[in-house]
Amino acid sequence: MARIPTICPFCGCGCNFYLVVHDGRVTGVEPSPGNPVNKGMLCAKGWNSHEFIHAPDRLTVPLVRKNGELVESTWDEALDLICTRLTGIRDTHGPEALGFLCSAKATNEENYLFMKLARGVFRTNNVDHCARL
């Protein structure tokens, strides 16, 4: 059995815990008592945060719609498509036709970079956030 330190994926607070790994499978979590954010405690989401890791319906590769069907693609293909479509909308309809939604599952730094992408690259101030804890 191994304990792997990580950060909870469910909000931007930065709670730390250990993933408990047994025979190559994550079986649970243990809170990190030394972390100044969560001080050895976890919310309900944190305690159950490992459950999606081995879910059979979890997406593990990007899907791109081709001829009306979702098909597996590479990350390069998916990101190129996203960039092409977003810049096309911006160039055709103007930057105000775009909106970007940040995530409470990302850190403050990641959300800041996302906002910089929206404003700096796509020239829109239409950025919102779903900060619900």
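Predicted model: local features only at pLDDT ≥ 70, side-chain atom pairs only at ≥ 80, totals over all residues.
Contact here means heavy atoms within 4.5 Å. Residues are numbered from 1 along each chain as its sequence is written, and side-chain values use heavy atoms, with hydrogens and water left out.

Let us turn to the strands. Helices (H or I, at least four residues) and strands (E, at least two) are DSSP runs, numbered from the N terminus. Strands of a sheet pair through backbone hydrogen bonds, either parallel or antiparallel. Two strands are counted as paired if DSSP finds at least two bridges between them. In this model, 3 strands form an open sheet in the order β1-β2-β3, with antiparallel pairing. β1 (2–7) and β3 are the edge strands, each pairing on one side only. From one strand to the next, the twist averages 35°; axes for such angles are lines fitted to C-alpha atoms, for helices over the stretch in contact, and angles run from 0 to 180 degrees between N-to-C directions. β2 and β3 are joined in the antiparallel sense over 6 bridges, and valine 21 has valine 26 as its bridge partner in β3.

Those two valines also belong to the largest nonpolar core, whose 8 residues are Cys8, Cys15, Phe17, Leu19, Val21, Val26, Val29 and Leu42. β2 (16–22) and β3 (25–31) each supply at least two residues of this core, and β2 gives the most, with 3 residues. A nonpolar core is a set of buried Ala, Val, Leu, Ile, Met, Phe, Trp, Tyr and Cys residues joined through side-chain atoms within 4.5 Å. Buried means under 20% relative accessible area, exposed over 50%, and partly exposed in between (1.4 Å probe, protein chains only). Phenylalanine 17, found in strand β2, is buried because its relative accessible area is 2%. Phenylalanine 17 and tyrosine 112 are 95 residues apart in sequence and 24 Å apart in space, C-alpha to C-alpha.

Asparagine 35 sits in the loop between β3 and α1 (44–47). Its contacts are Gly14, Cys15 and Asn16, not counting residues up to four places away in sequence. The side chain of asparagine 35 also makes a polar contact with the side chain of asparagine 16, at 2.3 Å. A polar contact is a pair of N or O atoms within 3.5 Å; within protein, one must be able to donate a hydrogen and the other to accept it, and residues adjacent in sequence count only if both atoms are side-chain atoms.

Now for the backbone in two loops. Most residues other than glycine have a negative phi. Aspartate 23, although not a glycine, has a positive phi of about 55°. Aspartate 23 lies in the loop between β2 and β3 and counts as exposed because its relative accessibility is 71%. Asparagine 67 is placed in the loop between β4 (63–66) and β5 (69–72), and its phi is likewise positive, near 55°. At 83% relative accessibility, asparagine 67 counts as exposed. β4 and β5 form a hairpin with 2 residues between them, pairing in the antiparallel sense over 4 bridges. Lysine 66 has glutamate 69 as its bridge partner in β5.

Finally, we come to charged pairs. Side chains of opposite charge can pair when their charged atoms come close. A salt bridge is a side-chain nitrogen of Lys or Arg within 4 Å of a carboxyl oxygen of Asp or Glu, and a search of the whole structure finds 3 salt bridges. One of them joins arginine 3 to glutamate 30, the closest N and O atoms being 2.7 Å apart. Arginine 3 lies in strand β1 and glutamate 30 in strand β3, so the pair ties together parts that are 27 residues apart in sequence. Lysine 66 forms a salt bridge with glutamate 77, with the closest N and O atoms 2.8 Å apart. This pair links distant parts of the chain, with lysine 66 in strand β4 and glutamate 77 in helix α2 (residues 75–93), 11 residues apart.
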